[in-house]
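Okay everyone, thanks for coming.

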Amino acid sequence: MTQRVEEVPFEPRSVYRRRSGRISEIKYSLYLARKNPLVLSGSVLAIGSILIAALSGIIVDPRSWAFQYPPRYYCWNNPWINWHLQNIKPCPPGTPFYPLGADAFGRNLLNMIILGLPIDLQISFSIVISAFAIGVALGAVAAYAGGLIDEAVLRITDVFFAFPGLVLALVLVAVFGRNLTILTLAVLVVWWPLYVRLTRSQILAEKEKPYAEALKAMGAGRLRILFLHIIPNSIYPVIVQATLDIGGVILTFSSLMFLGFAPSPLTPELGKLVSDGISFVSQAPWLVIFPGLAIVLVALGFNLLGDGIRDILDPRLRR
Amino acid sequence: MLSIRRLNFLGTITDSTLGELESINLVEARNVFKWFPIKGGLFGRTIANVRAVDGVSISIRKGETMGLVGESGSGKTTLGRTIMRLIDPTKGEIFFDGVNITRLSGRSLKRYRRRMQMVFQDPYASLDPRQTVRSALTEPMKIHHIASSKKEADEAAAKLIETVGLNQDHLERFPHEFSGGQRQRIAIARALAVNPEFVLLDEPTSSLDVSVQAQILNLLKQLQRRFNLTYLFISHNLSVIRHMCDRVAVMYLGRIVEIGNMKAIYESPKHPYTFALLSAVPNPDPTKRKEHEPVLEGEVPSPIDIPSGCRFRTRCPYNTEKCAREFPPLVEIEPGHWVECHYDIDFSSARRSF
């Protein structure tokens, strides 16, 4: 009648144990994240901005970047109401239907900020991910091969480090023309050397540890040791740096836009918004303050998240 | 045991090519040097060399445990790593089962890596922190294509973990979840995963708790009997060496100064350094303790600037002018007991004055 526990075969138990181990690790990570208020607010900001960016076309009419629509919204600058535009006056935050105010063309600032987010995040993610991939590949090869290859890679990164970042990007944009691809590449060119150095230093430290030698003594090949052991052990600080850099790239990219490198006036981007608002800063300061605040909040969110991830992923800080 | 040995021009032992002898020695280092150059100056010239291993010959017979003792900095670990081909010797040759493996690389070296494994001093650092025990144990099998399927490897891992006295529940855990002794058991299990013939034990117990040390040592002895292993046991702990080894080699500043059977070394040491080491071992019985324990004075000289002649002379109470002038010969005092000293000192009367 009673079932005997001993008859449970070995295999399912081991699978169960393994999975429960991983789930409990993830649960523990989430618990650590919840416990820390900075990490919590950082992740709320970061995930919130990603969600808003992803859903921006649904939340807000995508046409509201180009002109004010629909007409019933109350604002003196709205050409549907004040078609002759005789009495243009600032529409400050708090005007009905305009929680963050409107600009000189009667466009809803909140809508514009929401529409400006996705392009910033997309470009930031693509730059960071490509810089990460290039950096890890080159850095790992340089550190592990050593010798001439290491020297060559280091000298190339030195060349890029020698230029002030933004200036190099400006030159590239000036030479190759103004479109989003060139702008992205320009920032990427400035960004990847950092990852090469970081990865290289991490791997140099890691490859001297006894377990790498133990694997060598065991008969493991160089590639196996590098890809299955050293890289997984040294990648976490690089991941943290990447999270931190998402905010940094947004700032850099917006500064490029602010400096007037936007491909067209219709490119929805936060830095561009600040740049447009600067001409009206004495009459309508909110045109600068709110887009700037949006940039700061997104960058801050990712920075806090990165800091938190560092604390959570590092096994020495974890336990 | 029939052995014909002669001194080569550097004063180190060279085994002559007797067929029988070749088959008796599983691992052999012949006149091995490992110098680490110190680069400096404008063009990165070699200014000096750290002479970590300076002309060492040692042979380990099948099935025996060879002990390698010495102070820290004596080059015992460097010698071990050179024998394992983890670093290349500056000069000299390493033989495994009669085959010269000094110049092997790639696939041909990998064949020998399967037959010789190593257990490291720090069991935590020598295990990948992000690898479960199961993965650590099955990885060497994967590398050497021992297990034909994943299931077979898992079964072998389960068997292995029980061999070293842990249980199967431990297979899914990570190294940081174990105590030091358990970690060292895992490291031992990993070394045994490929069924090696020779295991180099590089101070396997010195980072462990004293209570755990004995367990690990007994486990190693038991495994040696069970799997017919040959050990090279590196340690600075003379009591541990005495418990474990059949033969002992004493290393000082990159050279083996005395080598012989465990009994001969412990009961009638012939080199003043060996004698000093042995008399520094604390006696656990307080009634037998002497007033002034003879302790070796001074520090080990720098391996960059090695004293002329006998390298022990700066600390040797018996040192003479001859010691500074001439390199001491390697003398076979009794069969299989070699000493690198100019004099045949009788320590039985010297116990107090030393």
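**Two chains and where they meet**

So, chain A to begin with: it has 13 helices and zero strands. Keep in mind as we go that this is a predicted model. If you read along the sequence of chain A, the pattern is simply α-α-α-α-α-α-α-α-α-α-α-α-α. Of its 319 residues, 40% count as buried. And if you take the contacts in chain A between residues at least 6 apart in sequence, 68% of them join residues at least 24 apart.

Now over to chain B, and a sheet there. It's an open sheet of four strands, ordered E4-E3-E6-E7, and the pairing is antiparallel. Which strands stand at the edges? Those are E4 (45–61) and E7 (99–100) of chain B; each has a single partner strand, so one side of each is left without a neighbour in the sheet. E7(B) is joined to strand E6 (residues 91–96) of chain B by two bridges, with the two running antiparallel. If you want to find that spot on screen, look for B:Phe96, which sits opposite B:Val99 in E7(B). Then there's helix H2 of chain B, residues 76–83, packing on the sheet: it touches E3 (25–40), E4 and E6 of chain B, and its direction makes about 115 degrees with that of E3(B).

Last bit, the contact between the chains. Chain A puts in 18 residues and chain B 20 residues. On the chain A side, helices H1 (10–35), H8 (210–218) and H9 (222–234) each supply at least two residues. H8(A) gives the most, with seven residues. By type, that side of chain A splits into eight nonpolar, five polar and five charged residues.

Technical notes. Residues numbered from 1 in each chain as written. Chains lettered and ligands numbered in written order. Predicted model: local features only at pLDDT ≥ 70, side-chain atom pairs only at ≥ 80, totals over all residues. Contact = placed C-beta atoms within 7 Å. Nonpolar A, V, L, I, M, F, W, Y, C, P; charged D, E, K, R; others polar. Buried ≥ 20, exposed ≤ 12 C-beta atoms within 10 Å, placed from the backbone. Pairing = 2+ DSSP bridges. Axes fitted to C-alpha atoms, helices over the stretch in contact; angles between N-to-C directions.
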